[in-house]
Amino acid sequence: MHSFPTPALALVEQMVAAAAKYPARAVAFQGAPGANSHRAAMEWAPDGLPLPCFSFDDALDAVKQERAGSAIIPIENSQHGRVADIHFLLPESGLSIVGEHFLPIRYAVMATGDGPFAAAYSHPQALGQTRNWLRERGIVPLTYPDTAGAAAFVKEQGDPEVCAIAPRIAADIYGLKVVAENVADASDNTTRFVVLARQPLDPASLGGAPAMTTFVFEVKNIPAALYKALGGFATNGVNMTKLESYQKGASFSATMFYADIVGAPGDPAVDRALEELAFHCKELRMLGTYRQAMKRG
């Protein structure tokens, strides 16, 4: 908590104290109050108690240490791709995905002055999502751990030539002037969040509702292993909506794959596809089955 800028500390302390009284209702998120993850937490659990954490690790630890009942973590953005480190953090956390939430992203430019600005602070994802707007105005992008924290930092610094890119709510929280709104380079900018908890959902508890299942796997080191491993999804008519690779360790000799499929274990087609996948894998780890939040194209 001490890592947050001074303008955010008082509100962070209040939110931490409230969550400590009712930890089962607490929803941990990464960032200062007013961040997109804060908005996502409030939308996902309107009766919950948002718990701000400085890093993704801190948010996951809050759940593991039972200081929060769940955590909501951004995993990918429609314009800027996957969120850094998440593919490593989720499998190693020991937590299970129990939900997903899609948040439309709207950014505002906020500052203590009216500009022009020499530099803008924000999270790397936000800077990537507004890079054209920044480039056209010759504003240097400077990274900060989260969007709302950047707004609090700009307030703390008081430099009229520096601005922050953050959700508009951050300007209201930290007393900054909104200089421009809707500055994202794409109007359909959306971030997908996943909700994590200590215990996985039983697929049967979804009552037949459209479901997603997420897992990571490593195929055997033989020719055409990935082709063979994925063949079961095609032959069984299971829709794989996401497949991404990432390196395991520093040797570059082992590649892990992160995947989402439509469906749940217990469905005969899904069970057959996962059985065939497992046959061709050195490792297969299920991360969770949960209710589908939005139809995929």
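This is a predicted model: local features need pLDDT of at least 70, side-chain atom pairs count only at pLDDT 80 or more; totals for chains, interfaces and linings use all residues.
Local features need pLDDT of at least 70, side-chain atom pairs count only at pLDDT 80 or more, and totals for chains, interfaces and linings use all residues. Residues are numbered from 1 along each chain as its sequence is written, and side-chain values use heavy atoms, with hydrogens and water left out. The salt-bridge count comes to 13.

**Salt bridges**

- A salt bridge here is a side-chain nitrogen of Lys or Arg within 4 Å of a carboxyl oxygen of Asp or Glu.
- Side chains of opposite charge can pair when their charged atoms come close.
- Arg192 and Glu100 form a salt bridge at 2.9 Å, N to O. This pair links distant parts of the chain: Arg192 is in strand 11 (residues 190-197) and Glu100 in strand 5 (residues 96-104), 92 residues apart.
- Helices (H or I, at least four residues) and strands (E, at least two) are DSSP runs, numbered from the N terminus.
- Arg192 and Glu100 are both buried. Buried means under 20% relative accessible area, exposed means over 50%, and partly exposed lies in between (1.4 Å probe, protein chains only).
- A network of salt bridges links Glu76, Glu100, Arg192, Lys242, Glu244 and Asp260.
- Asp61 and Lys64 pair at 3.4 Å, N to O. Both lie in helix 3 (residues 56-64), 3 residues apart, which is about one turn of the helix.
- Asp61 is partly exposed because its relative accessible area is 26%. Lys64 is also partly exposed, at 40%.
- Glu181 and Arg168 meet in a salt bridge at 3.3 Å, N to O. This pair links distant parts of the chain, with Glu181 in strand 10 (residues 177-181) and Arg168 in helix 8, 13 residues apart.
- Glu181 has a relative accessible area of 45%, so Glu181 is partly exposed. Arg168 has 37%, so Arg168 is partly exposed.

**Surface patches**

- Patches are made of residues with over 30% relative accessible area and no salt bridge. Like charges are joined within 9 Å, and nonpolar side chains (Val, Leu, Ile, Met, Phe, Trp, Tyr) within 5 Å.
- Accessible areas come from the Shrake-Rupley method with a 1.4 Å probe; for residues, only the protein chains shown count as cover.
- A patch of negative charge gathers Asp267, Asp271, Glu275 and Glu276 on the surface. Lys and Arg count as positive and Asp and Glu as negative, while His and the chain ends are not counted. The place of a charge is NZ of Lys, CZ of Arg, CG of Asp or CD of Glu.
- Asp267 sits in the loop between strand 14 (255-262) and helix 10 (268-279). Its relative accessible area is 37%, so Asp267 is partly exposed.
- Met42, Ile169 and Ile173 make a nonpolar surface patch of about 200 Å².
- Ile169 belongs to helix 8 (residues 168-174). Ile169 counts as partly exposed because its relative accessibility is 31%.

- Ala148 lies in helix 7 (residues 147-157). Its relative accessible area is 0%, so Ala148 is buried.
- The C-alpha atoms of Ala148 and Gly34 are separated by 5.2 Å, although the residues are 114 apart along the chain.
- Contact means heavy atoms within 4.5 Å. Beyond its neighbours within four places in sequence, Ala148 is in contact with Ala32, Pro33, Gly34, Ala35, Ala166, Ala170 and Tyr174.
- Gln292 is in the segment after strand 15 (281-291). Gln292 is buried because its relative accessible area is 18%.
- Not counting residues up to four places away in sequence, Gln292 touches Glu100, Pro210, Ala211, Met212 and Val262.
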